[in-house]
Structures are given as structure tokens and as C-alpha cells.
Amino acid sequence: MNRSIGLALSGGGTKGLAHAGVLQFLTEQKIQPNYIAGTSAGAIIAALYAAGKTPVEILDFFKSIYFFNWRHFTFTKAGFIDAEAFKAYFKTIFKDTCINELPIPIYIAATDLIKGESIVFDGQTKIVDAILASSAFPGVFSPYEFEGNLYSDGGILNHFPTDLLPESSHFNIGVYVSPIQQITPNSLKSIKAVTARSFDLLFGNSSAHKFSNCHWVIQPDALTRYGTFETNKTKMDEIYEIGYAESKKSFALLENNLKTHFQNK
């Protein structure tokens, strides 16, 4: 009997590229998720993968975008960077495709700033709108306006969306890329550093209980060496490789009956 697999991808900014590394390992093991839930960077990775992009193509896509390009900055919205500025990048890939048109069902979380609620976009929502809303990191990116509502990063209320995976999923894999690092006061001398640290602490405390929703959790602790908004392409490659290496390592430690689950699928 085929058993369905759910995959939950946390937020984490550029550290979300570790998700692509994990997907590369899963692909090599012929482990194909039937459902993917994602928040923020995890939502972007989920959508790209569900649309047919390979993990390496996902890495290349991230490396092709310089987030802090002067053309992305805004002086009229509530953020340093205009979330709308990234629409053209994603439109090139997704055009006007809706969530329910993807071959793999995905569930994308965002935060409705007005209602103060975590929401999941329905299948009729265009992918571009959903991922821009889900990844509008507060304090850095402006809120994303869509259908008269203002949305911000899904991680504010649902950073690790394991709860969005359907009950029909028999085996859930969770990838958490926001480990809390040990720092010193000298690490907190910029607005960006303080903002990222604050949200890492918030996300860590709000996500801990969700680990129990997964049969296999991949949490690369080595990601503590990287910032939330890395722009160096070499570091992006390293983050990708860390995701791959950690999934390979943790898979080797799985109990034999869990390995059998995949091999007999």
C-alpha cells in the first residue's frame, strides 16, 4: 500500500536554502513528498519544487537575486525593502499559476496583520501573491497588500507549519532551519542583527512543540553560523550543502523500520 509523505519547511530567510539541500537528498533516495507546507522561505522553496524546479535550480534562482539591490528599497512603505519589488522575479517562473494547479499540493502560511491571524491561502490564490505575502519579513520587507488585506511573514504566527499537513499524510518530515545560536553583545550592533535575533528567539519558542508532529525532523545546527539575510553566493552554496549533509546524517540514524517505510513505498 502506498503511504503518503508530508513535508513541512520552516521559515529562515536565506537559511531556507538548506531546504533545497534536503530536497536534493530526498530526491536521491527517491523520497517524493505528496504534500508540502511552507512558511516564508519555506513557502518559496515549496512552490518552486512543486512547480518542477530541481533543488539545484532553486539554489541558482536564489543566487540570481540580490535582495539588497537599491532598486528594491522603499521610502514610502513600512519597511526598508518593498515586497512588491520581487514580484517580477517570481512572475517569470509562475506567471499567473494558482496554488491548486501545482502537481504537488502545497499549503502556504501568512499573517493577516489587520485581523491578527495566521491564514492559509486557498487553492485559487496565485502562487506569486501567496509566497510574497508569506515571506514579507517584518522590519525588513514592507507588508504585502493583496485583495485589500495586508500580510506579513507567515512565521510571525506559524514559523514551522507542521500543523498544515493533512491528516491523510502517513509520514511527516519537518525541516527546521532557524536554530538559535550562541552570541555576544557585539553581535547585536545593527538593526538587521537585532531584528533577526528577536525573531529567531520568537520562532524557536513558538515552534518547539511542533516537532512532535513529525516522524523525522531535520534541524541543521551548523546554520547558526549564518545570518538570516546572507547575500554571499559562496555562503548560499554552503547553506545548501549543510541541508544535504544533515539530512543524509539524520537519515542514517533512523530506525530500520523507518528506512523500510521509504524503501517499500
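Reader: Is Val-140 buried or exposed?
Author: In this predicted model, Val-140 is buried, because its relative accessible area is 6%, and buried here means under 20%.

Reader: Where does Val-140 lie?
Author: Val-140 belongs to the loop between α5 and β5, the latter spanning residues 144–146.
Author: The protein chain has nine helices and eight strands. Of its 265 residues, 53% count as buried, and among contacts between residues at least 6 apart in sequence, 76% join residues at least 24 apart.

Reader: Let's go to α4 and α5; at what angle do the axes cross?
Author: The axes of helix α4, residues 87–94, and helix α5, residues 127–134, cross at roughly 140° and come within 9 Å. The crossing of α4 and α5 is right-handed.

Reader: Which residues meet there?
Author: From α4 there are Lys-87, Phe-90, Lys-91 and Phe-94, and these meet Ile-127, Val-128, Asp-129, Ile-131 and Leu-132 in α5. By type, the residues of this contact of α4 with α5 divide into six nonpolar, no polar and three charged.

Reader: And in α3, which residues are buried?
Author: In helix α3, which runs over residues 55–63, the buried ones are Pro-55, Ile-58, Leu-59, Phe-61 and Phe-62. They are on the same side of α3, because they cover an arc of only 160° around the axis.

Reader: What do the buried residues of α3 pack against?
Author: They pack against α1 (17–28), α2 (41–50), α4 and α8 (233–252).

Reader: Switching to the largest nonpolar core, which residues have the most contacts inside it?
Author: The largest nonpolar core has 66 residues, and those with the most contacts inside it are Leu-26, Phe-90, Ile-106, Phe-121, Ile-131, Ile-173 and Trp-216. The largest share of this core comes from α2, with eight residues. Apart from it lies another core, of nine residues, and Tyr-35, Leu-164, Leu-165 and Tyr-176 are among them.

Reader: What is Ile-106 in contact with?
Author: If neighbours within four places in sequence are left aside, Ile-106 is in contact with Ile-36, Ala-46, Ala-47, Ala-50 and Ile-99.

Reader: What about Ser-247, is that buried or exposed?
Author: Ser-247 lies in helix α8 and counts as buried, because its relative accessibility is 0%. With its neighbours within four places in sequence again left aside, Ser-247 is in contact with Gly-21, Val-22, Phe-25, Trp-216 and Ile-218.

Reader: One more topic, the backbone; what is phi of Lys-30?
Author: Phi of Lys-30 is near 60°, a positive value in a residue other than glycine. Most residues other than glycine have a negative phi. Lys-30 is found in the loop between α1 and β2, the strand of residues 35–39, and Lys-30 is exposed, with a relative accessible area of 73%.

Reader: And where is Glu-147?
Author: Glu-147 has its place in the loop between β5 and β6, the latter covering residues 149–152. Glu-147 has a positive phi of about 50° although it is not a glycine, and at 68% relative accessibility Glu-147 counts as exposed.

Definitions and conventions
Residues are numbered from 1 along each chain as its sequence is written. This is a predicted model: local features need pLDDT of at least 70, side-chain atom pairs count only at pLDDT 80 or more; totals for chains, interfaces and linings use all residues. Side-chain values use heavy atoms; hydrogens and water are left out. Axes are lines fitted to C-alpha atoms, for helices over the stretch in contact, and angles run from 0 to 180 degrees between N-to-C directions. Helices (H or I, at least four residues) and strands (E, at least two) are DSSP runs, numbered from the N terminus. A crossing is left-handed if the near helix is turned anticlockwise from the far one by less than a right angle, and right-handed if clockwise. Contact means heavy atoms within 4.5 Å. Ala, Val, Leu, Ile, Met, Phe, Trp, Tyr, Cys and Pro count as nonpolar, Asp, Glu, Lys and Arg as charged, and the others, Gly among them, as polar. Buried means under 20% relative accessible area, exposed over 50%, partly exposed in between (1.4 Å probe, protein chains only). The arc is that of the directions from the helix axis to the C-beta atoms. A nonpolar core is a set of buried Ala, Val, Leu, Ile, Met, Phe, Trp, Tyr and Cys residues joined through side-chain atoms within 4.5 Å.
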